[in-house]
Amino acid sequence: MLDPISLGAISAVLGAVGSGMGSEAGRWAWETAGGLVRRVAGREVAAPTTPGRLTEVAHLVHDGVLNDPQLARAWTLFAQGVAVRGDLPGTFARRAGLPPSPRFFTDRQEALKSLDKEATRAFDGRPRLALLHGPEGIGTSTLAIHWGWRQQARFPDGQLYADLRALGSDAALGTLLRQLGLPDEEVPPAAADRADLLRRCLADRRLLLVLDHAQSAGQVRALLTSSPGVVTLVVARQPLAGLDALRVPVGPLARKDAVRLLTDLVGKPAIGAARATLPGVLDRCAGSPYALRAAAPRLTAVIPAATTRSPVGDPVPDVPDAVGAAAEDSYRLLSPDAARLYRLAGLYAWPDLDAAAAARAADLTEAEAARLLEELADALLLEHTDSGRYRYRPAVRAHAERVAAATDGIAACSAAVSRTVEHYLHLAVGAARAALPESWRVPAGTSPVSYGDRGTAVAALAAEAQNLVQAVRAAEEFRDWDTVVRLCQALWPLQLKAGHHDVLLPALQTGARIADAHFPGSRTAGSLHAQLAHSLTESRRWDEAEPEALAAARDEWAAGHTRGHASAVEFLGLLRLRQWRFTEAYDSFEEAAGILDGIGPTDEGAADLPRARALLERHRGRALRGLGRRDEARERLERALRFFRDSGEAYNTARTLTDLAETHLDGAESTAALALVDAATEALGQENAVYHLAHLRILRERCVSVG
């Protein structure tokens, strides 16, 4: 067993604590580690943010505990708790995580053999990695999925799948870790920690990893592993420069294979009946499996001639590719209402659409939109998603956008996008107000969309997170600054309750920039800088978070919003707790308390003052604990505890009891700490606080060990 005070063990513990900060228990452990490091060093030590700095801190701790049995004992007990936490929860891949394979699959024998060979070659240190590339609609994704289903027996530990169309590397890492069974609270906040955890999870697995619709080698690189039991298939439209992989080009189907696929799809009688039109269909489909599947239902149909004209009278240009040609042919056979919905819903690159959003785009009822969406899916102009929604292929959406511009005109197209953005604004505001009705951070005003409870509202925001980010982009393009900032403000409950920071950061960065340019020195600007600071902090991008927190305090002060000013300064203190800057954290909490004193009995925020002051007392206690001033820390924490107990706040009662227990443990007062741990466990009662309870179990074991 590794000596817990060896340099390697100390480095591992610090790394594990840092990567586990996605949950509240993880943040507690990080704060405890900072206090211990300060105690060992005899001075304040900045929290490490890079591997190099972590190594320096590990050396400092190692040197400090080596000849001090009391410090060595304290570190060992802490490290044991981290080891237990590392076992929760286990990570287990699902047996099969691939999308369904199509019923009919034709040819590709050479490509399949290449994949078989890569998967079975002797491992020599090079990752088993293949890049399938070819133009849209040629069947690269289908080939990867079909091969994966054929090879289930080769991958007893499961199959992972990530669609990279709308995901950056950070979000994709989170997706893969969740597929492995990791809950949101245990997904590391930092991209480097996510990548390291994924590699460790896959180290001894026999598993298939499919990375679909990759955009660049950089997007893929962080998702790769050199584990000998993992085979990775990357799917892209073209070779990715800089990706060292077996290249498997995927080209058009040969004419005989195209006929075979059509025969499988429609049967020999239909092929015979279409003898006259079949050569033209094959020419137009150009060996594209997507185009052939789209053409199958209309083999014998008479496709109307193109009559669509642009507003100036020019004919619509010819479609340059097989996918676009298939979309054009299918489009001409649509009912007028379905054709209009197809055009107007495809004007912007929404990640996916439900009936409500499509209805607003085309100004229809939801029932009408739902029926027409199914018509479009039947024509293969839309794809079904796993969540029961719909999405466009990129080339098909480009066709819809092109035809909309020519048919409906610029004004109608702009109105359709504006209606869709307005739909997402109403949804977001309604959900935000239902999720956090007491919060002054969520946007003011009413919404025609309502939700019955907080959980449903947060779930609605989570389901639409990527569309809301895209709505922010659309509003910025339309120079609708008010909608940009209101959409971003409505994301606050999602940040607070469900995370999703990797997805939301681009929208929040846009919101803060727009607020500075068009609403400087306002409560709106202060709120958006605070939201951005929060997500940057949770992503462990502390150097970027600090100026945002300072900007929030600046703007709230300029706007005369005393409660917001105090909150921004309080947040700056919380950030500094994360950075192990305990003295500055305490000073920030003191400053925030002084700002609150400026709120009069009839001023805005007066009703919230007792609770706000109790929270600051708890935070001051945490900072004092980090500084080693345990008696003062206990005094502050006990004041906060009295308030939370009297007000019936079970969760904050448990949190404060936990802080007190940790403080007593720092002084080796295990009996007092044990009583507090048990009281915290009892206080949680029916609260859904799995990770807090797990942390309390670890604390209890430490109490018993010390005793």
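The charged end of Arg 629 sits over the ring of Tyr 586, 5.7 Å from its centre. Such a placement requires NZ of Lys or CZ of Arg within 6 Å of the ring centre and within 35 degrees of the ring normal. Arg 540 has its charged end over the ring of Trp 30, at 5.1 Å from the centre. The model is predicted: local features need pLDDT of at least 70, side-chain atom pairs count only at pLDDT 80 or more, and totals for chains, interfaces and linings use all residues. Residues are numbered from 1 along each chain as its sequence is written, and side-chain values use heavy atoms, with hydrogens and water left out.

Trp 30 also belongs to an aromatic cluster with Trp 542 and Trp 580. Rings of Phe, Tyr and Trp (its six-membered ring) pair if their centres lie within 6.5 Å; planes under 30 degrees apart are stacked, over 60 edge-to-face and the rest tilted. The count comes to nine aromatic pairs. In one of them, the ring centres of Tyr 331 and Tyr 342 are 5.6 Å apart and the planes lie at 35°, so this pair is tilted. The pair links distant parts of the chain, 11 residues apart: Tyr 331 is in helix H14 (residues 322-332) and Tyr 342 in helix H15 (residues 336-345). Helices (H or I, at least four residues) and strands (E, at least two) are DSSP runs, numbered from the N terminus. Tyr 331 is buried at 8% relative accessibility, and Tyr 342 is buried at 0%. Buried means under 20% relative accessible area, exposed over 50%, and partly exposed in between (1.4 Å probe, protein chains only).

Helix H6 (residues 140-150) is mostly covered, with eight of its 11 residues buried. Among them are Leu 143, Ile 145 and Trp 147. The buried residues of H6 pack against helix H5 (109-120) and strands S1 (128-133), S2 (159-163), S3 (207-214) and S4 (230-236). Contact means heavy atoms within 4.5 Å.

Helix H2 (residues 24-41) packs with helix H31 (residues 650-666) at about 25°, their axes 12 Å apart. Axes are lines fitted to C-alpha atoms, for helices over the stretch in contact, and angles run from 0 to 180 degrees between N-to-C directions. H2 and H31 are therefore roughly parallel. Angles under 35 degrees count as roughly parallel, over 145 as roughly antiparallel, 65 to 115 as roughly perpendicular and the rest as oblique. The contact includes Trp 28 and Arg 39 of H2 and Tyr 651 and Asp 659 of H31.
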